[in-house]
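Let us take a walk through a protein together, one stop at a time. Have a look at the sequence and the 3D structure below, and then read on.

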Amino acid sequence: MIERIIIMTLLLFSTSCEWNQFADKIYYNGNIWTGNKNRPHAEFIAVKGEEILTVGSNHKAVQGPDTKLIDLSGQFVVPGFIDNHTHFMGGGFQLMSISLRDIDSKKEFISRIEEYVRDIPESQWILGGKWDHEMWGGELPSKEWVDSFTKDIPLLLTRLDGHMALANSTALELAGITRDTPDPSGGLIERDGNGELTGILRDEAIELIRNVIPDKSFEEMDAALDKSMEYAASLGLTQIHDMCSWDDLETYIRNKEKLTLRIYTLPWFTHYKKLIEYKNQYGNGDDRLRWHGIKAMLDGSLGSRTAWMHETYKDDPNTSGLVVSDDTLKLRQILRSADDAGLQLAVHAIGTRANEWILDEFNAIKKEHGKRDRRLRIEHSQHLLPKDINRFGKNGITASMQPAHLYDDGAWAHKRVRDNVLEGTYVFKTLLESGANVTFGSDWPVASLDPLMGIYTAVTRHTRDGKNPNGWYPDEKITVEEAIRCYTINSAYAGFQEDKLGTIETGKLADFVVLSNDITAIEPEEILNTKVVRTVVGGKDVYIGKNSSF
Ligand SMILES: [Zn+2]
């Protein structure tokens, strides 16, 4: 009897609560992967304001007379993707600039630029490039190719590898480069047989032009942000952790009211004093825009043989990489000052020696400054010695990784480093099994921003050259569900927001993505054919796919 009374009371209580708790919107009839281990699957998400009111299988209890109903038509839903490492403004400018990556003839090279020129304001520089003259037989482009239709519009287009660029006559003039200008040290100004400028500049000579490119205006910065936000929404991203400049942070603040995705900024570490001031004055920001961490960089990259290794490179016995920070004492001091002020530390480390160094350093900081919830992170965590893998889990260090890099690197990494190093490369599975918080992102615009591309690569470990159909070091493949967690809740944890983001459950912010396929149920190959149908941030649709049935 008493039990019955309790049940009746509970029922009454819950009904009366729900009476006031009608949803603004209900997304129903979905195949919802919540990421919440207590309730892994659901059929509807009820939204009130910016938050998830409830999730479940029967939405009638929260449907009021004014509730908007959205039929998900059985489609698959996951929590919004959170990218752990972007250079978002750089990506936006790349979207605004011209890409010649796919050009394979002189004729097309010229017509692509001609077309681009028609749409830009006269004062704007033509930037971008990524051309590769090997694609059309090896003849280098020259300023004569473009001068006739770029009068008064300066142009600087870099080659794919960034070591060569084409400038037009206007740009050369602005930089004061003539046939008599001497080559700068570390650079080359190309001239033809008669000593005339061809427009091709190599390495440091490119800087002569870059130095005269005016700083971006607020209008240009805001336009680039709009571009990248629109692109991110189309890929299902609802938050990014952005490794940014101070100007970038100010751009986000200026545009705060129109941000359609959440941004956790980690400005470059030399701005630590300004950031500490900011934090003291304004706190950590809010759910839309945050600032409570810094990004530093220890070594370079594998591609350029500047990742700091224990051994010399296989294809260059004269180097084992380098520390890019010109003053490690200063770096150590800044890391300590930032930690003292309660900032999160995120440090780029690619090589085995760099990762060991920063793991040691993080331990030292913890010992010196005492216990605190720090969530220290190593950006990339790319090549690890076997003895260091366990240290991530044991010491609570986040491995902030970008699986799409594997897709590119896996095709040529064996030329740079030996097997023993490769065995510790992108070890997603071993890190997860050893209890580390592994999180995923892209490093965009260095690699593709597409989270589905990242998930696909983590699951298949396929490489660009197609030579690893069973996966590159296949023991380190992880499951689709693990990969989704790395791209959602694990990233939320890395940003101290696991109570608000990363899963679809009551009380969290209503950030989720509708996909055209249930990626947990299809062949991994099909992940790349999956489309984002709808992206929801804080209960608002920020993207609706063209092919969606809504
Ligand atoms: Zn980066």
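Predicted model: local features only at pLDDT ≥ 70, side-chain atom pairs only at ≥ 80, totals over all residues.

Residues are numbered from 1 along each chain as its sequence is written.

Where does G454 lie? G454 is part of helix α16. Helices (H or I, at least four residues) and strands (E, at least two) are DSSP runs, numbered from the N terminus. G454 is buried, since 29 other C-beta atoms lie within 10 Å. A residue is called buried if 20 or more other C-beta atoms lie within 10 Å of its own, exposed if 12 or fewer, and partly exposed in between, with the C-beta atoms placed from the backbone. Along the chain, G454 and L528 are 74 residues apart, yet their C-alpha atoms are separated by 9.8 Å.

Now widen the view to the whole of α16. This helix is mostly covered, with nine of its ten residues buried. They are P451, L452, G454, I455, Y456, T457, A458, V459 and T460. What do the buried residues of α16 pack against? Their partners are β8 (81-86), β15, α12 (404-409), α15 (428-433), β22 and α17.

Let us pick out one of these partners, α17. Two packed helices are described by the angle between their axes and the distance between the axes. Helix α16 (residues 451-460) and helix α17 (residues 480-487) pack at an angle of about 135°, and their axes are 9 Å apart. That makes α16 oblique to α17. Axes are lines fitted to C-alpha atoms, for helices over the stretch in contact, and angles run from 0 to 180 degrees between N-to-C directions. Angles under 35 degrees count as roughly parallel, over 145 as roughly antiparallel, 65 to 115 as roughly perpendicular and the rest as oblique. On the α16 side, P451, G454, I455, A458 and V459 meet V480, A483, I484 and Y487 of α17. By class, this contact of α16 with α17 has eight nonpolar residues, one polar and no charged ones. (Ala, Val, Leu, Ile, Met, Phe, Trp, Tyr, Cys and Pro count as nonpolar, Asp, Glu, Lys and Arg as charged, and the others, Gly among them, as polar.)

The backbone on either side of α16 deserves a look too. Most residues other than glycine have a negative phi, and most peptide bonds are trans. In the loop between β22 (437-440) and α16 we find P445, and the peptide bond from W444 to P445 is cis, with omega near 10°. After α16 comes R461, whose phi is positive, near 50°. R461 counts as buried, with 24 C-beta neighbours inside 10 Å. The loop between α16 and α17 also holds T479, which is partly exposed with 14 C-beta neighbours inside 10 Å.

Our next stop is helix α7 (residues 246-254), whose buried residues are D248, L249, T251 and Y252. Seen down the axis of α7, these buried residues fall within an arc of 155°, so they line one face of the helix; the arc is that of the directions from the helix axis to the C-beta atoms. Their cover includes α2 (88-96), α6 (218-234), β15 (237-244), β16 (262-267) and β17 (289-291). In strand β16 sits T265, which counts as buried with 25 C-beta neighbours inside 10 Å. Not counting residues up to four places away in sequence, T265 touches D242, C244, L249, Y252, R290 and W291.

Finally, how do α2 and α6 cross? Their axes come within 8 Å and cross at roughly 95°, and α2 and α6 are therefore roughly perpendicular to each other. The residues of this contact of α2 with α6 divide into ten nonpolar, three polar and one charged.

Key. Contact = placed C-beta atoms within 7 Å.
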